[in-house]
Amino acid sequence: MKKLKVAILGSGNIGTDLLVKAQRSPYLECTMFIGRKLASPGMAKANSLGVRISDQSIEAITNNPDCCDLVFDATSAVDHLRHAPILEQLGKLVIDLTPAKVGQICVPAVNLTSCLQYTNVNMVTCGGQASTPLAFAIGKTQQNIDYIEVISSIASRSAGPATRANLDEYISTTESAIRNFSGCRRAKAILNLNPAQPCINMQTTVFAKVENPDLEKLNPVLQEVISTVQKYVPGYQLIVPPTIENGRIVLMVRVLGVGDYLPSYAGNLDIINCAAIAMAEEYAKNNN
Amino acid sequence: MRKVIINDPTLRDGSHAIRHQLTAEQIALYCSAADKAGVPIVEVGHGNGAGASSLQLGESLLSDEVMLSIARNHLKTSKLGIHIIPGFATIERDLSKAIDLGVDVIRVASHCTEADITERHIGYARRRGKEVYGVLMMTHMASKEVLAEEALKMESYGAEGIMLMDSAGAYLPSDVSEKIGVLVNKLNIPVGFHAHNNLGLSIANSLAALEAGAIMLDGCARGFGAGAGNAPIEVLVAVLQKIGYDTGIDLYSILDAADLAEKKILKEIPSIQSTSVVSGLAGVFSGFSIHVNRVAQSYAVDPRDIFFELGRRQVVAGQEDIIIEVASELAAKRGV
């Protein structure tokens, strides 16, 4: 099977972790790893893996349009707004890992195959990848969902500069994914950065206010959704099963990373990148 | 006489103590009383600031919009302030609206090691011509060197002063002197301190901050605030008057405001409950108390065990969901 040629734009934590995952995929081949500075840990890692590198940002692709079929954009929301039309003109498939929300929202456990018809898909956010499948299960089984709130806590070390500058976009993009896939009336997303040493594992909590909570209906659907996520994110686990606390449904997941670039505490990198790889592989399979 | 600027977060930090259930009447009455006393800044909102009403932290009775509009109508000379934490509140949804409603002072807060998340919010509020301060929370968790670095970042983003918060009430006066002293030395902007009373040191720590060069302090009516409460503003004003600092606040009027708050707003006068002592020792955010007590009861575990476990995990304000996880773990261990 011919591998799909992919380029990674953005040499920070997300881009570098993505590179390691892409190299392992039987369906993908990373043909260019692109950043702005050759002297960065991400570039060094790419070099050590024997991947072609460039410090020319988007120009690396406009100057070598044949270098790839698909571009992962792991820069920032503002940068993606600029990159999206350029990549569209070049006819590239785009998987956007920033919260720019330009393309179709993609959460593989929920809508993987229906995303194939789009050329630009948005991977929401790390917290969105962790919480949306849970909100989806709530949406499928509960009546009259007034409100869903999702809180993610991640290790400070795992949040690079673009993540930190994009907190507002993180919130609005996560909220719109939750609303879209659960049908709730209102949604709220919260992100905490915790600097504890040793680093904390990524955790996500979902609270839901529904008319008559029905946990018996929720549990089997939730289990199914969670095992679907586990197919592409092996470290995704339910740590507090659905419980009624203070009149609301609460449940909690922990995401342990595979430890590709940052150690396993950085489940936030893992979950959004695993989701992006799952999407890219789906494009690759569909191409052949 | 040396000047001290007092910020009064009675109607913000105090929200924690009454599960964010401030009423319109309470806001109106207290704003008028504080305004009459000449309090420079009155901070209003949800306990965790603008846009923080949530299941995680507790939902406000009134929307931010309603709270700020009422406060605006009842403040003539005092400035109206808000506390705002990126990660909870966004510029578009919360900050721009608050500024449209007439807020004068914006205090942009982050956990003590995460100053860079405040850059956009500080920049935006400055561009809108507002008075903007940077706030570092849970500062007992970082060394003086780290705090100085983080404060310098906020200064570079445009903050016009830096507040250090002892969010867990964990400081001794010597800790305050050391940390405030370094900031005063390294920054070109004023430094302030926000005390909590878990270990009974809120006034002593506030004085230590002034002696180390701080010129801004936070105080709440009767100490009305999260957990064991804050420095009581009426005591602070009295003590500062006795020492000879100029707060610009009229003593009788602030005593009246505190009496009014006690009668009209407080469910109980903040006292140092056993769980607050433990919270201070464990270095856990004071605002957790109310949630820890509730969850401890529903899982039948000792709230003190929850606090020490939360301290061991170094949780920060905003991670209230972890209380449930810890309680369920403790309950499971005990075989409940």
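Modeller: In this predicted model, α6(B) passes α7(B) in a right-handed crossing, where right-handed means that the near helix is turned clockwise from the far one by less than a right angle, and left-handed that it is turned anticlockwise. Helices (H or I, at least four residues) and strands (E, at least two) are DSSP runs, numbered from the N terminus. Residues are numbered from 1 along each chain as its sequence is written, while chains are lettered from A and ligands numbered from 1 in the order in which they are written. Local features need pLDDT of at least 70 and side-chain atom pairs count only at pLDDT 80 or more, whereas totals for chains, interfaces and linings use all residues.

The two helices, α6 (residues 144-157) and α7 (residues 173-186) of chain B, pack at an angle of about 40 degrees with their axes 9 Å apart; axes are lines fitted to C-alpha atoms, for helices over the stretch in contact, and angles run from 0 to 180 degrees between N-to-C directions. They are therefore oblique to each other, since angles under 35 degrees count as roughly parallel, over 145 as roughly antiparallel, 65 to 115 as roughly perpendicular and the rest as oblique.

From α6(B), the residues B:Lys144, B:Leu147, B:Ala148, B:Ala151 and B:Leu152 meet B:Glu178, B:Lys179, B:Val182, B:Leu183 and B:Lys186 of α7(B). By class, the residues of this contact are six nonpolar, no polar and four charged, where Ala, Val, Leu, Ile, Met, Phe, Trp, Tyr, Cys and Pro count as nonpolar, Asp, Glu, Lys and Arg as charged, and the others, Gly among them, as polar. Two residues are in contact if their C-beta atoms, placed from the backbone, lie within 7 Å.

Contact also joins the two chains, with 27 residues from chain A and 27 residues from chain B taking part. On the side of chain A that touches chain B, β9(A) gives the most, with six residues, and that side has 14 nonpolar, seven polar and six charged residues.

Within chain A, seven bridges join β10(A) to β12(A), which run antiparallel, and strands pair if DSSP finds at least two bridges between them. In this arrangement A:Val206 stands opposite A:Leu251 in β12(A). β11(A) also pairs with β12(A) in the antiparallel sense, over seven bridges, and A:Gln237 stands opposite A:Arg254 in β12(A).
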